[in-house]
Amino acid sequence: MNLIDFETKHFPVLRSWLSSERDVVQWGGPDLTYPITDDQLEQMIIDGTTAPPKRLSWMAVNATQALVGHIQLAVDWRNGVARIGRVMVAPTMRGQGLAKSLLEAALEQAFSHPEIERTELNVYSWNSAAIRTYNKVGFFHEGVRRSSVKVGDERWDTAIMSMLRSEWEAGLPSAHP
C-alpha cells in the first residue's frame with residue numbers, strides 16, 4: 001500500500017464512500033456535516049499548505065493503483081503530537097486487513113518527522129473492529145470521553161488511544177533502516 005497526496009480529483013471517490021450522517025461523523029468527527037461538501041474537503045487540502053502543515057492528507061492506493069483508503073494526520077508541531085484521523089478503507093475493500101497497512105503507513109509518515117514524539121487517535125467506543133486494529137498496530141487505550149458526540153438521537157463515547165515514538169520503534173523494527 002502506498003500513500004499519495006489527497007487532491008481535489010479524489011473528492012468524488014471519497015464522497016461516494018460516505019453515504020450518511022453516521023458515516024461522515026464516524027469518519028471525520030462531529031465538526032463535519034453530511035453531505036460532505038467540496039468546501040469541507042478543500043479545507044483539508046488547505047490545511048496541508050501552511051508552513052509547517054497543520055494537516056497531512058492522503059489517499060491509499062494498492063499495487064494496481066486503485067484507491068483503497070484515506071487517512072490524515074493533524075499535526076501539533078510545537079508539542080510533537082500527530083493525531084491520526086479520518087481513517088477509512090473503501091467499502092468494497094473492507095475485511096481484507098488493509099486498515100493495518102494504512103495505519104502503519106501513516107505512522108511511518110508521522111515518525112519520519114523527528115519532532116513527532118507521540119501519535120494519538122480518537123475512535124468511537126462502539127467501533128470494535130477499528131479498536132481491534134488499533135490494538136494490533138500497537139496503540140494503547142488511554143481513556144474514554146463519555147457521551148462526547150451526538151449523532152441523530154444517539155450519544156457516542158470516544159475512546160482515546162496513543163503510541164509514543166519509543167513504542168513504535170520497539171514494535172516495528174523492520175520499518176527502519
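A: Contact means heavy atoms within 4.5 Å. Keep that in mind for this structure, which is a predicted model.

Q: What share of the contacts in the protein chain with a separation of 6 or more comes from residues 24 or more positions apart?
A: In this chain, such residues account for 56% of the contacts with a separation of 6 or more.

Q: Which pattern does the protein chain follow along the sequence?
A: There are six helices and seven strands in the protein chain. Read along the sequence, they follow the pattern β-α-α-α-β-β-β-α-β-α-β-β-α. The radius of gyration of this chain is 16 Å, close to the 16 Å that the globule rule gives for 177 residues, so the chain is as compact as a globular protein of that length. Its C-alpha atoms fill a box of roughly 45 × 35 × 35 Å along the principal axes.

Q: In what order do the strands of the sheet lie?
A: Strands of a sheet pair through backbone hydrogen bonds, either parallel or antiparallel. Here, seven strands form an open sheet with mixed pairing, in the order β1-β2-β3-β4-β5-β7-β6. The edge strands, β1 (2-5) and β6 (140-151), each pair on one side only. On average, neighbouring strands of this sheet are turned by 30 degrees against each other, direction ignored.

Q: Do β6 and β7 pair in the parallel or the antiparallel sense, and over how many bridges?
A: β6 and β7 (residues 154-164) pair in the antiparallel sense, over eight bridges. Val 151 stands opposite Glu 154 in β7.

Q: Which strands do helices α4 and α5 touch or lie across?
A: Helix α4 (residues 98-111) lies across β1, β2 (55-61), β3 (67-76), β4 (81-89), β5 (118-124) and β7. Helix α4 runs at about 155 degrees to β4. Helix α5 (residues 128-137) also packs on the sheet and touches β4, β5 and β7. The direction of α5 makes about 160 degrees with that of β5.

Definitions and conventions
Residues numbered from 1 in each chain as written. Predicted model: local features only at pLDDT ≥ 70, side-chain atom pairs only at ≥ 80, totals over all residues. Heavy atoms only, no water. Pairing = 2+ DSSP bridges. Helix = DSSP H or I, 4+ residues; strand = E, 2+ residues; numbered from the N terminus. Axes fitted to C-alpha atoms, helices over the stretch in contact; angles between N-to-C directions. Rg over C-alpha atoms; globule rule 2.2 N^0.38 Å.
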